[in-house]
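The following note sets out points on the strands, helices, ligand shell and individual residues of the structure. Each point may be checked against the coordinates.

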Amino acid sequence: MRNYFKGILCLTLAVGANVGFAQTKLRAWNIHPDGYPVTEAMKSFAGQVAQTTKGKYQIEIFSNATLGDQPKAVQMLKAGEIDIAEFSSGPLSDAVPGIKVLNLPFLFTDSAHMFRHLDGKLGKRFADNLKAAGFVVLGWYDGGGRSFYCVNKPVTDIKDLAGANIRVQQSEIFIEMVKLLDAKPVALPFKDVLGALEQGKVDCAENNIPSYESTGHYKIAKNVYVTNHVISPEALVVSTQLWDKLDKDDKEAFMQAGARSALLMRDLWNKRVALALDITTKQGAQYVKVKNTSTMIRRMAPLYDKFMKDPTTRQELLTIIAQ
Ligand code: GTR
């Protein structure tokens, strides 16, 4: 009898060791801090994958861009050096021209309009383009509406931005947009923006309200010009290298966890926008709403012309404008 129990114990240890051995650790890149909607949604994704696959996949989230800045991380994921990431569609579209229409200024009227397309046929087309380039989309997250904010420079008209040094993401379309406003684009990593605003290396930056708050930019750049000039998505993606190794059930688990995390993220996002507005206003941020976007939209005409002529963006542009 004692030997029988000894046998069971050994078997259990062996199975345990096997489970331990079969466990795959995955690295997930994230630019945001704890508590931010993206981070919390990624945590929920990781938890659900671990649960559904019975611990087969352990996803470790590296927040605050500790694995490298976003343009670098996009390349790392493409090369399979990291497994999972949450990217903003600006830097991502430099690697995947088939999605660059998503960052065209004044294209989407609001996030609901954007998600109507992303959760439908067009989203599938963008996901196909991304997959062909090495990125498998698990969920579309909300990137909100981006607006300008400046240090010592109240902006009440688009002309007030002329000549200003404006920090942009390292992303072609953002650089072009700022040039069309007669301002000077300064491409900087996200983590360097606060210092650049403090040291006067840039006069202004542009972002959504949750990032304006979470980074502390609002403490320095108190003049917000609410343009919502770019309403764009972000995406939770895995590398095709990892994807190709997953079996059918694993893929299903990743997809379902991704879709659920996206719904959670969008909900957390709306709450965070309200909270960030409240915090920043109480700390003295001045919000001036653009009175008439038509002047700014007219300035964007060369970008629209370019995208209409470009076969990689024309069809998507027409579809979004039509509906
Ligand atoms: C944030 C976005 C980040 C990053 C950042 C930036 O809104 O979530 O992924 O793109 O903006 O401006 O660098």
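1. Strands β4 and β8 pair in the antiparallel sense, and twelve bridges join them. Within this pairing, tyrosine 141 has glutamate 234 of β8 as its bridge partner. The model under review is a predicted one.

2. β3 runs antiparallel to β8 and is joined to it by five bridges; here alanine 85 stands opposite valine 237 of β8. Strand β9 (residues 286-289) pairs with β8 in the parallel sense, over four bridges, and lysine 289 of β9 stands opposite valine 226. Of the 17 residues of β8, 15 are buried, so the strand is largely enclosed by the rest of the structure.

3. Asparagine 152 is not a glycine, yet its phi is positive, at about 50°. This residue lies in the loop between β4 and β5 and is exposed, with 11 other C-beta atoms within 10 Å. As background to both cases, most residues other than glycine have a negative phi.

4. Strand β5 (residues 165-168) pairs in the parallel sense with strand β6 (residues 184-187) over four bridges. From β5 the chain crosses through helix α7 (residues 172-180) to β6, and this β-α-β crossover is right-handed. Asparagine 165 has lysine 184 of β6 as its bridge partner, while valine 168 stands opposite alanine 187 in β6. β5 also pairs in the parallel sense with strand β7 (residues 204-207), over two bridges; arginine 167 stands opposite alanine 205 of β7.

5. Which residues of helix α3 (residues 70-78) are buried? They are Gln70, Ala73, Val74 and Leu77. Seen down the axis of α3, these buried residues fall within an arc of 105°, so they line one face of the helix. An α-helix has 3.6 residues a turn, so residues three or four places apart point the same way. The cover over the buried residues of α3 includes β1 (24-29), β3 (84-88), α4 (89-95), β4 (135-150) and β8 (223-239). Glycine 80 follows α3 and has a positive phi, near 80°.

6. Which residues are around the ligand? The shell consists of Ile31, Gln70, Ser88, Gly90, Gly143, Gln169, Phe190, Asn207, Asn208, Ser211 and Glu234. By class, the shell divides into two nonpolar, eight polar and one charged.

7. Methionine 265 has its place in helix α11 (residues 248-282) and is buried, with 26 other C-beta atoms within 10 Å. Although methionine 265 and tyrosine 141 are 124 residues apart along the chain, their C-alpha atoms are separated by 6.3 Å. Apart from its neighbours within four places in sequence, methionine 265 is in contact with Pro37, Val38, Ala41, Tyr141 and Asp142.

8. Not counting residues up to four places away in sequence, threonine 313 touches Lys100, Val101 and Phe307. Methionine 42 lies 30 Å from threonine 313, C-alpha to C-alpha, and the two are 271 residues apart in sequence.

Terms used
Residues are numbered from 1 along each chain as its sequence is written. This is a predicted model: local features need pLDDT of at least 70, side-chain atom pairs count only at pLDDT 80 or more; totals for chains, interfaces and linings use all residues. A residue is buried if 20 or more other C-beta atoms lie within 10 Å of its own, exposed if 12 or fewer, and partly exposed in between; C-beta atoms are placed from the backbone. The arc is that of the directions from the helix axis to the C-beta atoms. Two residues are in contact if their C-beta atoms, placed from the backbone, lie within 7 Å. A residue is near a molecule or strand if its C-beta atom, placed from the backbone, lies within 6 Å of it. Ala, Val, Leu, Ile, Met, Phe, Trp, Tyr, Cys and Pro count as nonpolar, Asp, Glu, Lys and Arg as charged, and the others, Gly among them, as polar. Two strands pair if DSSP finds at least two bridges between them. A crossover is right-handed if, with the strands pointing away from the viewer, the path from the first strand over the helix to the second runs clockwise.
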